[in-house]
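Hi,

Here is the structure I promised to pass on. Have a look at it first, and then read on for what turned up in it.

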Amino acid sequence: PISKPFLKKKKLGLLGLLGLLGLKKKKDDGPECWQVPETQCAKVALEKCHDEKKCWTVPFKQCKKVPREECWTTNKQQCKYVPRKECWTEPKEVCKQIPYEKCWDEPVEKCWNEPVEKCWDEPRENCWDEPR
């Protein structure tokens, strides 16, 4: 009978997994070295601005018609209501948005990926066929 060759499934080590992920391997004779992306973060100042609301008081003239009774006498006393305009001044608050009147720096965390060289020795598994 013809013997089937001895087959053994090979486990993917960390290096094989890194290769599958598309990470770059550095070639040298020493330990296995790979360029592994590592997240770096730093606080940076971000300028924030907002419109400032400026308000002031101005005199405001208001008028309205007020009925007023007017009377006179000819043969007898007669009266009638006559509209009369009355005006007065009131203070009124006026406001306006002034763009980018107030600005300040606000710290914000920015992050990016940077390749870092990682090296290690990976144990190797030697396999061979043994005659039966």
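Let's begin with the charged pairs: there are two salt bridges in this structure. Please keep in mind that you are looking at a predicted model.

One of the bridges brings together the side chains of glutamate 38 and lysine 118, with 3.1 Å from N to O. Glutamate 38 belongs to strand β2 and lysine 118 to strand β3, so this bridge ties together parts that lie 80 residues apart in sequence.

Now a step back to the whole chain. It has one helix and three strands, and reading from the N terminus the order is α-β-β-β. Strand β2 covers residues 32-73 and strand β3 covers residues 77-120. How much of the chain is buried? Of its 132 residues, 6% count as buried. The chain exposes about 12,600 Å², and carbon and sulfur atoms supply 52% of that area. As for contacts, if you take those between residues at least 6 apart in sequence, 73% join residues at least 24 apart.

Next, the cysteines. A disulfide is a covalent bond between the sulfur atoms of two cysteines. How many disulfides are there here? The count comes to six. What pattern do they follow? Counting the bonded cysteines along the chain, it reads 1-12, 2-11, 3-10, 4-9, 5-8, 6-7.

Cysteine 55 is bonded to cysteine 95, with the sulfur atoms 2.0 Å apart. This link connects distant parts of the chain, as cysteine 55 is in strand β2 and cysteine 95 in strand β3, 40 residues apart. The torsion about its S-S bond is about 110 degrees, so the disulfide is right-handed. Cysteine 55 is partly exposed, at 37% relative accessibility, and cysteine 95 is partly exposed as well, at 34%.

Cysteine 63 is joined to cysteine 87, with 1.9 Å from S to S. With 110 degrees about the S-S bond, it is right-handed. Relative accessibility is 36% for cysteine 63, which counts as partly exposed, and 37% for cysteine 87, also partly exposed.

Cysteine 71 and cysteine 79 make another disulfide, their sulfur atoms 1.9 Å apart. Is this one right-handed or left-handed? The torsion about the S-S bond is about 110 degrees, so it is right-handed. Cysteine 71 is partly exposed at 39%, and cysteine 79 is partly exposed with 39% as well.

Leaving out residues up to four places away in sequence, cysteine 79 touches Glu69, Glu70 and Cys71. Between cysteine 79 and glutamate 69 there are 6.6 Å from C-alpha to C-alpha, and the two are ten residues apart in sequence.

Last, glutamate 52, which is found in strand β2. Is glutamate 52 buried or exposed? The cut-off for buried is under 20% relative accessible area, and glutamate 52 comes to 19%, so it counts as buried. Which residues does glutamate 52 touch, once those up to four places away in sequence are left out? They are Lys96, Gln97, Ile98, Glu101 and Lys102.

Cheers

Definitions and conventions
Residues are numbered from 1 along each chain as its sequence is written. This is a predicted model: local features need pLDDT of at least 70, side-chain atom pairs count only at pLDDT 80 or more; totals for chains, interfaces and linings use all residues. Side-chain values use heavy atoms; hydrogens and water are left out. A disulfide is a pair of cysteine sulfur atoms within 2.5 Å. Helices (H or I, at least four residues) and strands (E, at least two) are DSSP runs, numbered from the N terminus. Buried means under 20% relative accessible area, exposed over 50%, partly exposed in between (1.4 Å probe, protein chains only). Contact means heavy atoms within 4.5 Å. Accessible areas come from the Shrake-Rupley method with a 1.4 Å probe; for residues, only the protein chains shown count as cover. A salt bridge is a side-chain nitrogen of Lys or Arg within 4 Å of a carboxyl oxygen of Asp or Glu.
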